[in-house]
Amino acid sequence: MAADSPTQCDFEEEKLVLKFDTVVQANVNAISPMVDTVMDTVARMGCAAGRELEVETALREALANAIVHGCKNDQSKKVRLCVACDESCGMLIVVRDPGEGFDPSKLANPTVAKNIFESHGRGIYLINQLMDSVRYERGGTEIHMRKK
């Protein structure tokens with residue numbers, strides 16, 4: 001894999017009922033088809049039953065952030081997407097981009113009056129509201145989102 005492609009995700013294979021691991025071209029037009037594919041699989045497997053809309057929205061936002069900010073819309077770059085589901089822990093979604101990363105603690109709060117009318121800055125906020133746990137790894141180039 002090229003230097004601008006994120007490395008493969010690792011999971012504890014014996015505990016999984018679903019593992020989806022793929023690379024997505026850094027093109028915003030690739031987001032909807034990829035999300036549709038993942039969500040079809042998730043629905044068939046029964047992962048996050050009753051919480052599909054929350055998972056879908058968080059996944060869309062994470063992919064959009066990785067493509068727009070991490071890859072800077074450079075279609076020669078790639079984003080790694082890993083989705084795992086097990087019976088006891090729920091779903092884990094990892095999105096990794098080859099970008100420079102960011103410090104999530106420095107993001108402006110989109111619910112504060114001066115930020116309400118900004119045209120950006122709501123994706124991370126939405127992800128944090130929709131998922132049960134969210135953490136950032138690799139200097140902010142990787143987001144781990146869990147839905148129980």
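Predicted model: local features only at pLDDT ≥ 70, side-chain atom pairs only at ≥ 80, totals over all residues.
## Overall fold

The protein has three helices and five strands. Along the sequence these elements follow the pattern β-α-α-β-β-α-β-β. Of its 148 residues, 39% count as buried.

Contacts between residues 24 or more positions apart make up 66% of the contacts in the protein with a separation of 6 or more. Two pairs give examples of such separations. Gln-25 and Gln-75 are 50 residues apart in sequence, and their C-alpha atoms are 6.2 Å apart in space. Phe-20 and Cys-85 are 65 residues apart along the chain, with 9.0 Å between their C-alpha atoms.

## Helix α2

Helix α2 covers residues 52-70, which is 19 residues. At 1.5 Å a residue, a helix of this length should span 27 Å, and the 25 Å between its end C-alpha atoms agrees with that. Just after α2, Lys-72 takes a positive phi of about 50°.

The buried residues of α2 are Val-55, Ala-58, Leu-59, Ala-62, Leu-63, Asn-65, Ala-66, Ile-67 and Gly-70. An α-helix has 3.6 residues a turn, so residues three or four places apart point the same way. The cover over the buried residues of α2 includes strands β1 (18-25), β2 (78-86), β3 (90-96) and β5 (142-147), together with helices α1 (31-45) and α3 (123-130).

Leu-63 is one of the residues of α2. Its relative accessibility is 0%, so Leu-63 counts as buried. Leaving aside residues up to four places away in sequence, Leu-63 touches Ile-31, Met-34, Val-35, Val-79 and Val-95. Leu-63 and Val-35 are 28 residues apart in sequence, and their C-alpha atoms are 8.9 Å apart.

## Packing of α1 against α2

Two packed helices are described by the angle between their axes and the distance between the axes. For α1 and α2 the angle is about 145° and the axes are 10 Å apart. The crossing of these two helices is right-handed.

On the α1 side, the contact is made by Ile-31, Ser-32, Met-34, Val-35, Asp-36, Val-38 and Met-39. On the α2 side, Glu-52, Val-55, Glu-56, Leu-59, Arg-60, Leu-63, Ala-64 and Ile-67 take part. The residues of this contact divide into 10 nonpolar, one polar and four charged.

## The nonpolar core

The largest nonpolar core holds 32 residues, and those that touch the most other members are Leu-81, Met-91, Ile-93, Val-95 and Met-145. Two or more residues of this core come from each of β1, α1, α2, β2, β3, α3 and β5. Helix α2 gives the most, with seven residues.

Leu-81 has contacts with Phe-20, Asp-21, Thr-22, Val-24, Met-34, Val-38, Leu-59, Ile-93, Val-94 and Val-95, not counting residues up to four places away in sequence.

Phe-20 lies in strand β1. Phe-20 has a relative accessible area of 18% and is therefore buried, the cut-off being under 20%. Not counting residues up to four places away in sequence, Phe-20 touches Met-34, Thr-37, Val-38, Leu-81, Cys-82 and Val-83.

Gln-25 is also found in strand β1. At 35% relative accessibility, Gln-25 counts as partly exposed. With residues up to four places away in sequence left out, Gln-25 touches Ala-30, Ile-67, Gln-75, Lys-77 and Lys-78. Among these, Ile-67 is a buried residue of α2.

## Positive phi in two loops

Ala-48 is found in the loop between α1 and α2. The phi of Ala-48 is near 55°, a positive value in a residue other than glycine. Ala-48 is buried, with a relative accessible area of 13%.

Arg-138 lies in the loop between β4 (133-137) and β5. Arg-138 has a positive phi of about 50°, although it is not a glycine.

Notes
Residues numbered from 1 in each chain as written. Heavy atoms only, no water. Helix = DSSP H or I, 4+ residues; strand = E, 2+ residues; numbered from the N terminus. Expected span 1.5 Å × (residues − 1). Buried < 20%, exposed > 50% of the residue type's maximum accessible area, 1.4 Å probe, protein only. Contact = heavy atoms within 4.5 Å. Axes fitted to C-alpha atoms, helices over the stretch in contact; angles between N-to-C directions. Left-handed = near helix turned anticlockwise from the far one by under 90°. Nonpolar A, V, L, I, M, F, W, Y, C, P; charged D, E, K, R; others polar. Core = buried A, V, L, I, M, F, W, Y, C linked by side-chain atoms within 4.5 Å.
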